[in-house]
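Hi there,

Here is the structure I promised to pass on. Have a look first, and my notes follow below.

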Amino acid sequence: MSMTPGPETRSPAPRAADSHELIRVQGARENNLKDVSLEIPKRRLTVFTGVSGSGKSSLVFGTIAAESQRMINETYSAFLQGFMPTLARPDVDVLEGLTTAIIVDQERMGANARSTVGTATDANALLRILFSRLGQPHIGSPNAFSFNVASIRASGAITVERGDRKTVKATYTRTGGMCQRCEGMGSVTDIDLAQLYDENKSLAEGAITVPGYKADGWSVRFFTESGFFDPDKPIRDYTETELHNFLHREPGKVKINGVNMTYEGLVPRVQKSFLSKDREAMQPHIRAFVDRAVTFTTCPECDGTRLSEAARSSKINGISIADACAMQISDLAEWVRGLDEPGGTTRAYGGVSHAWGTVAPLLATLLHTLDSFVEIGLGYLSLDRPSGTLSGGEAQRTKMIRHLGSSLTDVTYVFDEPTIGLHPHDIQRMNDLLLRLRDKGNTVLVVEHKPESIAIADHVVDLGPGAGTAGGSVCFEGTVEGLRAGGTLTGRHLDDRAALKETVRKPTGALEIRGATSHNVRDVDVDIPLGVLVAVTGVAGSGKSSLIHGSVAGRDGVVAIDQGAIRGSRRSNPATYTGLLDPIRKAFAKANGVKPALFSANSEGACPNCNGAGVIYTDLGMMAGVTTTCEECEGKRFQASVLEYHLGGRDISEVLAMSVTEAEQFFGSGEARTPAAHAILDRLADVGLGYLSLGQPLTTLSGGERQRLKLATHMAEKGGVYILDEPTTGLHLADVEQLLGLLDRLVDSGKSVIVIEHHQAVMAHADWIIDLGPGAGHDGGRIVFEGTPADLVAGRSTLTGEHLAAYVGA
């Protein structure tokens with residue numbers, strides 16, 4: 001009997017489609033990458049490590065993810081591509097095996113004053129439909145429950161040109177949910193006029209003290225040339241009519257220099273230019289002005305809910321949409337789950353049994369969204385929380401919600417430090433989510449510094465060996481065990497564990513907090529010791545930032561450095577952001593006997609061909625734009641005549657090309673000695689940014705670099721107490737040691753340092769720990785421990801204590 005296998009039992013011949021198991025990168029040169037070539041396995045979890053600035057983001061986001069998105073955009077019609085952002089092709093020779101990339105980065109969510117957690121995740125849209133179907137009394141469509149839609153009524157005659165032309169009367173109404181008093185903002189503003197102008201001066205003398213209103217500037221000429229008042233007359237001498245025209249005049253046409261212009265008073269101008277923007281999105285000096293000049297109070301009409309009385313009157317089981325949005329999301333999920341039973345929904349709708357069938361799919365989708373919040377560790381948020389107040393980690397996890405439970409497979413998910421802002425207790429949950437995405441058949445690429453997350457990787461790519469120009473190469477590629485034995489900087493530091501201090505500093509005083517109630521903080525009384533390093537700890541959402549920023553940050557002598565993103569265009573760089581360029585320009589001007597403005601690429605010294613950008617941007621319509629180096633200035637950004645002026649043998653473009661370390665030596669001695677510039681460079685080197693070049697665009701900086709750049713800038717402010725909100729964000733294991741040294745130097749110089757932090761190395765290094773909890777949201781907001789790190793480890797009475805004890809090996 002023949003034993004030849006039948007056709008159904010033979011192993012199938014390998015197919016060509018099965019050979020595409022790798023993402024191949026060859027010759028990547030984006031930013032500081034140096035001809036990087038590597039192969040990344042598909043359907044595996046690959047972690048990219050390396051010091052901040054080593055090229056991780058340039059490889060993962062700037063090359064792999066960017067090309068994937070660009071190629072997907074090219075599949076759409078030219079008409080649609082015209083509405084999409086144009087993406088340039090990354091500088092790489094070969095990219096093969098790419099799949100659709102879904103990017104979840106750590107960019108803060110848009111700080112639009114009308115954006116909340118609910119609107120950003122579509123949870124509000126689902127709730128509005130639910131209340132428009134089931135709410136009693138019924139008040140209208142979903143728009144009637146939206147605080148971004150105003151009610152409109154209109155009537156008039158319309159002409160219908162169809163067959164016989166006839167004019168008919170028509171009325172139009174739209175019911176919106178916006179509170180009329182605060183226009184859906186939740187707060188009303190009152191302006192302190194004394195902060196807008198100095199009544200003892202005239203307009204010509206610079207009476208207006210609003211940022212950007214210079215005596216000889218266009219904004220002030222608007223007033224001086226309007227013809228309403230004498231520009232040389234002090235404001236205190238204005239008549240009642242003149243003062244009204246100056247401050248409150250309604251918009252109207254006036255002739256200025258023979259041109260018809262719209263004139264309006266100073267108060268409405270300030271309201272439009274400053275108060276319509278979210279405070280979190282403002283530049284620091286604008287924010288300081290707004291804080292001085294404007295008082296924000298909760299809207300008395302809607303009580304901060306942003307919704308009209310009609311929208312608040314419609315309820316389901318006694319709960320209005322405002323009540324639902326104010327609930328902690330974990331509680332809201334339970335309430336919706338109660339409606340998810342046919343009996344519950346029928347009762348809510350006044351006994352109309354068919355209502356269950358119409359909203360069942362809606363309830364299921366809403367419940368899935370809310371449960372995803374809880375699962376990802378954000379159950380302590382509420383839907384009415386402004387999205388601009390979320391930390392980087394919270395924003396990133398909020399973006400992840402729409403991907404949880406997705407049926408897509410063979411997708412490349414790209415994450416940028418997903419453990420930012422997470423307590424060690426929560427990191428395991430995040431790891432489980434990453435592994436779940438992988439196990440569904442997806443490729444997961446993660447840029448990460450935390451050893452707990454590196455440990456779960458199937459494949460590790462370590463970039464370096466240094467940062468900036470000293471990085472951009474692959475130092476190691478393989479397993480986690482291979483990384484440990486590989487001898488790279490990451491491998492050597494992977495098992496680093498900070499030890500508890502043998503002795504802690506003695507406090508020199510105390511900062512008293514009494515009855516703190518901001519957000520979820522529950523009437524907390526605590527004394528924060530001064531003259532020492534204090535770590536404020538607790539799980540995400542336990543009330544750490546609410547306690548410190550709400551009760552300490554506004555006090556005199558307190559310098560608060562939050563996680564707010566640095567905003568800057570491609571013309572902004574470390575030299576402009578830190579104020580370093582001012583003393584450099586003055587030093588060049590003094591040495592050469594010319595104006596300082598010549599040494600600014602944004603002013604008189606700019607190359608006329610590229611306007612000081614260094615590159616020419618060619619817009620090709622719906623195709624990706626082309627960027628070419630300016631032939632006139634060869635990318636140096638300055639006119640040729642400006643480059644003839646030297647300081648210490650270098651021209652301005654050569655100085656801006658220097659690294660911080662090089663510039664520190666250059667401005668520290670010799671002919672180029674400039675103490676003001678040297679002091680700023682000292683601070684930049686102090687926070688570990690010695691490798692950055694002075695002229696590098698801010699848009700190319702990583703999250704960790706931006707955080708430390710902000711820290712270096714704030715270190716110049718005079719204050720006795722420094723508040724740092726998670727300064728280890730984006731820091732490599734090897735750099736944490738340098739940060740601890742910086743914190744020690746600040747304390748030893750007589751400062752008090754309060755650090756809101758999750759990193760165990762910072763906790764172990766602290767002199768005093770204040771631990772909040774025990775949980776998040778309404779399960780937190782209480783002080784669960786105060787004392788030294790050694791006492792916290794010995795007692796192990798809190799989650800932080802348990803994890804810190806495990807970390808130090810106690």
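At 18% relative accessibility, R585 counts as buried (buried is under 20% relative accessible area, exposed over 50%, partly exposed in between, with a 1.4 Å probe and protein chains only). Its salt-bridge partner is D582, with the closest N and O atoms 2.6 Å apart; a salt bridge here is a side-chain nitrogen of Lys or Arg within 4 Å of a carboxyl oxygen of Asp or Glu. D582 is partly exposed at 38%. Both residues sit in helix α21 (residues 581-592), 3 residues apart, about one turn of the helix. Helices (H or I, at least four residues) and strands (E, at least two) are DSSP runs, numbered from the N terminus.

A word on the source: this is a predicted model, where local features need pLDDT of at least 70, side-chain atom pairs count only at pLDDT 80 or more, and totals for chains, interfaces and linings use all residues. Residues are numbered from 1 along each chain as its sequence is written, and side-chain values use heavy atoms, leaving out hydrogens and water.

Across the whole structure, the search finds 27 salt bridges. One of them joins E39 and R24 (3.4 Å, N to O), linking strand β2 (residues 36-41) to strand β1 (residues 22-28) across 15 residues. E375 and R436 form another, at 2.2 Å between the closest N and O atoms. That pair links helix α13 (residues 355-375) with helix α15 (residues 424-439), 61 residues apart. E375 is partly exposed at 29%, and R436 is partly exposed at 40%.

Happy exploring!
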